[in-house]
Amino acid sequence: MHVLVLGSGVIGTTMAYYLARDGHQVTVVDRQPGPALETSYANAGEVSPGYSAPWAGPGVPLKAIKWMLMHHSPLVIKPMLDPAMWRWGLAMLRNCTAARYHLNKGRMVRLAEYSRDCLKQLRADTGIEYDARSQGTLQLFRTQKQLDGVGKDVDILKEFDVPYQVLEGDAYLEYEPALALVKDKFVGALRLPGDETGDCFKFTQRLAAMAEGLGVDFRFGVNIQGLDCEADRVTGVRTDAGVLTADKIILALGSYSPQLLKPIGIDTPIYPVKGFSITVPIRDAAMAPESTIMDETHKVAVTRLGDRIRVGGTAQLSGYDLNLNPTRRGTLEFVVSDLFPRGGDVAQAEFWTGLRPMTPDGTPILGETRYRNLYLSTGHGTLGWTMAAGTGRVMADLVAGRQPEISMEGLTIARYH
């Protein structure tokens with residue numbers, strides 16, 4: 001079977017690998033000159049099933065107002081006459097209930113836990129290297145109220161048998177000794193020992209090379225212009241290199257998915273939420289993080305990737321704007337310097353931004369559409385790296401007509417219709 005994958009980020013590339021391993025003829029199309037050059041390029045580096053959670057939850061509207069008033073704000077909204085942004089925002093508000101949070105987090109953890117297992121197996125099968133570490137995630141709390149509020153997450157972690165530790169006082173120093181210099185700033189932490197870290201860009205680049213070895217045809221520098229449809233089938237993908245056809249087509253274009261789907265009558269509530277990162281060279285390895293730290297107050301992740309520290313965060317609603325805002329860099333530099341003042345040289349940091357494809361409920365959209373040869377694999381938000389391997393395996397199963405190893409309930413576009 002010939003399968004056409006639209007998009008060569010970590011999601012598209014991982015699907016291509018699994019599809020090729022199943023014996024399919026696979027073509028991947030992307031406008032960039034290589035794989036993982038947009039949202040997958042410099043994300044926070046977390047493979048964090050235990051931290052998988054929707055942004056929409058009880059109390060978030062009030063928190064959002066407080067966040068926007070902070071000097072180093074984790075949330076920025078640029079007022080725009082953009083109906084898509086306001087529709088997405090209202091839909092997110094409807095998910096800010098305890099019941100919806102529990103339902104959405106459960107769906108996300110189901111896919112994320114499965115994906116972590118798939119990634120482990122993929123490493124065993126291929127020997128792929130990407131600055132991986134398996135030392136967990138540490139969610140740091142600066143206030144007692146934050147620490148006391150972990151109960152709702154712990155209940156869901158228990159439900160899905162996700163290992164965790166609630167660490168009071170400075171017990172977290174056992175896992176992140178470099179925080180001893182700033183231990184007075186924190187009252188405790190939630191540790192998720194099953195989480196991992198790694199360089200998403202390195203992983204995607206190296207897996208793309210392995211996929212090519214299995215026969216995958218990557219066509220880079222090709223702009224996708226639209227989909228041609230007849231009745232219940234997509235008959236072609238229009239590009240600036242001609243019309244491409246295949247037996248089955250999987251759309252994995254992240255934040256740009258709605259632009260291609262809306263003209264053919266598929267409404268996907270995905271909005272680009274802009275994130276930023278800096279990549280800091282390590283100056284003193286003993287004073288740098290061992291794995292991933294999540295600063296709960298600033299919603300910033302600090303991750304060790306080999307001889308570098310990746311610092312990622314901020315949610316900015318400003319459409320498809322990709323300008324680098326120096327104020328956002330200042331926030332990231334503040335957090336990494338506040339946590340690890342001797343760890344890295346922020347003056348030498350690489351500054352980057354990318355668009356996270358966010359759904360209002362935080363859950364990606366996978367699987368079939370009303371067009372019988374068109375599949376979706378998009379809307380992973382901040383968790384594309386965490387969910388990539390599981391998504392690739394699930395989509396390969398669906399294309400082959402196999403029953404996926406996890407339930408697809410709540411993961412398809414059907415939940416919106």
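Predicted model: local features only at pLDDT ≥ 70, side-chain atom pairs only at ≥ 80, totals over all residues.
**Close-up views of charged side chains**

View 1. Together with Lys63, Lys66 and Lys152, Lys145 forms a positive surface patch.

**View 2. The salt bridge between Asp22 and Arg402.** The model contains 27 salt bridges; one of them joins the side chains of Asp22 and Arg402, with an N to O distance of 2.7 Å. This pair links distant parts of the chain, 380 residues apart: Asp22 belongs to the loop between helix H1 (10–21) and strand E2 (25–30), and Arg402 to the segment after helix H10 (384–400). Asp22 is partly exposed at 30% relative accessibility, and Arg402 is partly exposed at 35%.

**View 3. The salt bridge between Arg133 and Glu290.** The side chains of Arg133 and Glu290 meet at 3.6 Å, N to O. Arg133 lies in the loop between helix H4 (98–126) and strand E5 (137–141), whereas Glu290 lies in the loop between strand E14 (271–281) and strand E15 (292–295), 157 residues apart. Glu290 has a relative accessibility of 23% and therefore counts as partly exposed.

**View 4. The salt bridge between Arg372 and Asp232.** The closest N and O atoms of Arg372 and Asp232 are 3.1 Å apart. Arg372 is exposed, at 52% relative accessibility, whereas Asp232 is partly exposed, at 33%.

Terms used
Residues numbered from 1 in each chain as written. Heavy atoms only, no water. Patch = residues over 30% accessible without salt bridge, like charges linked within 9 Å, V, L, I, M, F, W, Y side chains within 5 Å. Areas by Shrake-Rupley, 256 points an atom, 1.4 Å probe, with all protein chains shown as cover. Salt bridge = Lys/Arg side-chain N within 4 Å of Asp/Glu carboxyl O. Lys, Arg positive; Asp, Glu negative; His and termini not counted. Charge placed at Lys NZ, Arg CZ, Asp CG, Glu CD. Helix = DSSP H or I, 4+ residues; strand = E, 2+ residues; numbered from the N terminus. Buried < 20%, exposed > 50% of the residue type's maximum accessible area, 1.4 Å probe, protein only.
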